[in-house]
Amino acid sequence: MPGYKELDETVTIANQVQSREKGPVVLINVFTVDPADREALVAAWAHDAEFMKAQPGYILTQLHEGIAGSSTYINYAVWESVESFRAAFATPEFNARIAEYPQSAVTSPHLFKKVAVPGLCLA
């Protein structure tokens, strides 16, 4: 079972999954892991991702690894809505898969939405 650390102590992931926010959301999840557990982290993440691909509202996901020997990873996953994200992450199957992560792993999930910045970012 991985450790857990909030990215925002003021608005937690638990607060976010109760949101009635409309439209797509992006999960950003930062993982840190002991360098010896890198392969185990990637294998556990891949097992999760296969399950999530089959869930209603899933759009896409991508895992990124820090460079220069870093053992920090970032995953982003796009979901159609907070509701679809909440439903997928509340399943017993997903919760059982969490136990497969290495003990040294620490996860920090947070939900985001796109911001329109004129001339730079699309809404």
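Predicted model: local features only at pLDDT ≥ 70, side-chain atom pairs only at ≥ 80, totals over all residues.
Where is the place of Val117? That question opens this note; the answer is in point 6.

1. **Sheet layout.** Five strands make an open sheet. The order is β1-β5-β2-β4-β3, and the pairing is mixed. β1 (3-4) and β3 (58-65) stand at the edges. Each has a single partner strand, so one side of each is left without a neighbour in the sheet. As a general point, strands of a sheet pair through backbone hydrogen bonds, in parallel or antiparallel fashion.

2. **Strand pairs.** β2 and β4 are antiparallel and pair over eight bridges. Within β4, Val78 is the residue opposite Val26. β2 also pairs with β5, again in the antiparallel sense, over seven bridges. Here Phe31 stands opposite Thr107 of β5. β1 and β5 run parallel and are joined by two bridges. Tyr4 has Thr107 in β5 as its bridge partner. How enclosed is β5 by the rest of the structure? Largely, because five of its seven residues are buried.

3. **Nonpolar cores.** The largest nonpolar core has 15 residues. Met52, Trp79, Phe85 and Leu111 have the most contacts inside it. Several elements each supply at least two residues: α1 (13-17), β2 (25-32), α2 (38-53), β4 (72-79), α3 (82-89) and α4 (92-98). Of these, α3 gives the most, with three residues. Leaving aside residues up to four places away in sequence, Met52 touches Tyr58, Trp79, Ala88, Phe89 and Phe94. There is also a second, separate core of 10 residues. Val33, Ala44, Tyr73 and Tyr101 are among its members.

4. **Salt bridge.** How many salt bridges does the count come to? The count is one. In general, side chains of opposite charge can pair when their charged atoms come close. Here the pair is Glu21 with Lys113, and the closest N and O atoms are 3.1 Å apart. The two residues lie in distant parts of the chain, 92 residues apart. Glu21 is in the loop between α1 and β2, while Lys113 is in the segment after β5. Glu21 counts as partly exposed because its relative accessibility is 31%. Lys113 is at 53%, so it counts as exposed; the cut-off for exposed is over 50%.

5. **Surface after β5.** Val117 is placed in the segment after β5 (106-112). Its relative accessibility is 31%, so Val117 counts as partly exposed. Val117 is also part of a nonpolar surface patch, together with Val115 and Leu120. The three have about 290 Å² of accessible area together.

6. **Helix α2.** Is Ala43 in a helix or a strand, and which one? Ala43 is in helix α2. At 48% relative accessibility, it counts as partly exposed. Ala43 and Phe94 are 51 residues apart in sequence. Their C-alpha atoms are 15 Å apart in space. Phe94 is also one of the residues touched by Met52.

Methods:
Residues numbered from 1 in each chain as written. Heavy atoms only, no water. Patch = residues over 30% accessible without salt bridge, like charges linked within 9 Å, V, L, I, M, F, W, Y side chains within 5 Å. Areas by Shrake-Rupley, 256 points an atom, 1.4 Å probe, with all protein chains shown as cover. Salt bridge = Lys/Arg side-chain N within 4 Å of Asp/Glu carboxyl O. Helix = DSSP H or I, 4+ residues; strand = E, 2+ residues; numbered from the N terminus. Buried < 20%, exposed > 50% of the residue type's maximum accessible area, 1.4 Å probe, protein only. Core = buried A, V, L, I, M, F, W, Y, C linked by side-chain atoms within 4.5 Å. Contact = heavy atoms within 4.5 Å. Pairing = 2+ DSSP bridges.
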